[in-house]
Amino acid sequence: MIEYTLSEIATIVHGKLVDHTGFSDQKIKQIVTDSRTFFKGENALFFALTGPRNNGHKYISNLEKKGLNAFVVSDASSITPDAAFIQVEDTTKALQHLAEYHRKKFQYPVVGITGSNGKTIVKEWLHELLSEEFRIVRSPKSYNSQIGVPLSVLLMDNHFNLGILEAGISKSEEMKKLAPIIQPEIGILTNIGDAHQENFQSKQQKTEEKLLLFSKAKKLVFCVDDKNTTPLVQAFCKSHGVEAVSWTRQNNKALIQFTTYQENGNTTLEARISEKKYHFKIPFTDASSVENACHCFATAWILSENTEKILSRFGQLAPVAMRLEIKQGINNCLLINDYYNSDLASLSIALSVLHQQAKKGHKKKQVILSDIQQTGIPEDELYRQVNHLLQRWEIDRLVGIGPKISAHQDAFSLQKAFYPSTEDFEQEFLRTRFSDSIILIKGARAFTFEKISSLLQQKAHQTVLEIDLNALVHNLNIFRGLLHPSTKTMVMVKAFSYGTGDVEIAKLLQFQNVDYLAVAVADEGVELRQAGIQIPLIVMNPEEHSFQHIIDYRLEPNIYSIKLLEAFEEAVDRNALQQFPIHLKLETGMNRLGFKTEEEIESILSSLEQNNRLKIVSVFSHLATSDDPTFDDFTHEQFQRFDVLSDKIISRLPYKIDRHILNSSGIERFPGKQMEMVRLGIGLYGVSVTGLPLQNISTFKSIISQIKKLKPGETVGYSRKGQIERETEIAVVPVGYADGLDRKLGNSNGEAYLKGQRVPVIGNICMDMLMLDVTDLKAQPGDSVEFFGPHISISEVAQKTATIPYEVLTGISQRVKRVYLHE
Ligand SMILES: *Cc1c(COP(=O)(O)O)cnc(C)c1O
């Protein structure tokens, strides 16, 4: 942790201190770059970073209200008399300068890792392997960007004696900035794949850029088996005086020769360094795990006094989980399972997710936390810091599990309970202790907190729709990339966000700063407001009986007829309100709802001009066929009609009115028509008409409940539709048409993905069950089965059932539990 005063920081970053408050002597202990993750706490300094789509200066006044009183800014106009400011030219550079300065204060070795894949895993594994010998500071999760690297380096202090930091770049010139911040003594180049290739001319250029991290390193670990990049790496080592710690699995010339063989899910490795041989085993067989283990061995061999001692620990390496999982729990609880290794930095991140997902109905915030292992910080100091974090995020109750956290229970000043082990917790578990709460479950792996999470989990049946929230953000950003920075985004969260969920999705979108959310009816909007959604919400289909709700909950109605306009105006009048925001829908070709003629528009305008009750925030229309090039002429006519009608309104009213007409496929195909806002729907949920690199966000899956062996002549299911012609093994899966899987997928039309293969549905699909032909697959009860997701696209399912992806997604029944994954 850092401890500089504000005036010291001003000097370090070459900034101008503007302070009328006398804060400049306060010691800064916390650096904030993302206003959304700051909740409260003293001694924090906010860097107002600016990027193409966001500007940290926007959040300063809000942060001041939360009690933050020190800021680094580049825009002098955001300086106020109530806080202390450091004014600099470039806030990102200032953060990097501070980290570079901080780095120089420590003499202990730092391992710097870069490459296209495996950085985070190699970092986490090295931490596992070396943490008995070293007190290690490392990058939290995959903090490896222009911002993430400085934040990681600022975690360094004298408690530690080894740093392991990763660096990632996506374009040239970036590594030049990261190298002096990390200053690695030992480098690891994991591998150079094709990821992020778009901003580099060639793989060679990308390699050269990455190597810049190691210009001043003493040693570099790399694999010589890639013929394309190895000559470059070797030449680099020569010209920079870096000692090559090269390795090979293919008998190439290298310092370390590895031979491997695989058996029963394990890989046994032999490492030969001149005459000396080392043997160890890892519980993986896939190529990337083996490669990552080789990098770890080479690095551990350099660093450790006693390589032999470390070998046995390779056998205990586990996959690195980088995900939080959000699930419904018992008694109206929401569970956040964090399978990431337990440490202070990741605890802090998980607490911010807890804060972000907490709903009004959650009367309590609880944290179940194990001993925090291997931090390098003395224990009393460590648990004092944990207490501080829990206080800062206003956690109500802590359940501590493990001998160490129990021994330090006096450090905690909140409601608390302690158990020596997970088993003790299980034995004394009382369901009633956990109700109406949001609960973070975070434990080091040895504590097997999966057991706790299964106690607290709602007993759902095994069929789930798994929603990948990171993929959703990825898709949002792909669409944002097609828009001008100033264009607003409205996201359609109607129909349970196309079947994916309501509050969880809305919360995430609010966090991602989308401008508007659109729901179908007022009740959906009320629910979101009650759950803490504050951004503008538009109701597409406002019904008269819901007007009072619309007004009370600050929802904004879509007005599509004179009758509706007049009725709503009356409702606003009854509430003695003025300038209530509304949106006008224009009819340009869909022939559904909206104002179609100039006469109609004339009469709205004269009605609006008579009083001041309503204010048109936006006018919009909807395209009937934006996805289909054969009707582009028609779409252009829609654009034209929209221009004429919207101009008429805009030119008559004295204030600014936004216009919008594009839906997802419209954004893809007619970005020139984005105007002031767009309305994003199906694209966010992973479906593109032009082949954008979207990610799949929802996986519909279940598990096998039973396997049966059948003989020729037998039949499967209703009406004896599944005819058995050879010795057949079938799997029974608890998914039926009542879960939303279309009955048309029966009788070999539909497929499921299981154990790396596609298998056909055999016979008719039943209400709650179906059967799959799994002959020769050696499938077992409990094996996971996918119906759509990464291996079978929603579009494919739609095609087979003669419908559109929208219907497939929204058709998944509400009884199917939604499970959310979050990095
Ligand atoms: C549902 C809806 C959208 C979103 O359409 P997608 O094709 O899913 O992008 C846009 N505008 C209106 C009015 C809608 O009802």
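Let's start with Arg 592. Arg 592 is exposed, at 53% relative accessible area. Exposed means over 50%, buried under 20%, and partly exposed in between, with a 1.4 Å probe and protein chains only.

A word on the model. It is predicted: local features need pLDDT of at least 70, side-chain atom pairs count only at pLDDT 80 or more, and totals for chains, interfaces and linings use all residues. Residues are numbered from 1 along each chain as its sequence is written, and side-chain values use heavy atoms, with hydrogens and water left out.

Back to Arg 592. It sits in the loop between β28 (580-585) and α22 (598-610). Helices here are DSSP runs of H or I, at least four residues; strands are runs of E, at least two; numbering goes from the N terminus. Beyond its neighbours within four places in sequence, Arg 592 contacts Lys 585, Glu 587 and His 622. Contact means heavy atoms within 4.5 Å.

Now Met 767. It lies in the loop between β38 (757-762) and β39 (770-773). Leaving out neighbours within four places in sequence, Met 767 touches Gly 736, Tyr 737, Ala 738, Asp 739 and Arg 815.

Next, the ligand. Which residues are around it? They are Met 492, Lys 494, Tyr 498, Lys 585, His 622, Asn 663, Ser 664, Arg 679, Gly 681, Ile 682 and Tyr 806.

For Tyr 806, the distance to a ligand oxygen is 2.6 Å. For Arg 679, a ligand nitrogen is 2.8 Å away. For Asn 663, a ligand oxygen is at 3.1 Å. The protein covers 93% of the 390 Å² of accessible area that the ligand has on its own.

Last, Pro 557. Pro 557 is in strand β27 (residues 556-559). It is buried, at 0% relative accessibility. Its contacts beyond four places in sequence include Val 539, Phe 568 and Ile 582.

Conventions: A residue is near a molecule or strand if one of its heavy atoms lies within 4 Å of it. A polar contact is a pair of N or O atoms within 3.5 Å; within protein, one must be able to donate a hydrogen and the other to accept it, and residues adjacent in sequence count only if both atoms are side-chain atoms. Accessible areas come from the Shrake-Rupley method with a 1.4 Å probe; for residues, only the protein chains shown count as cover.
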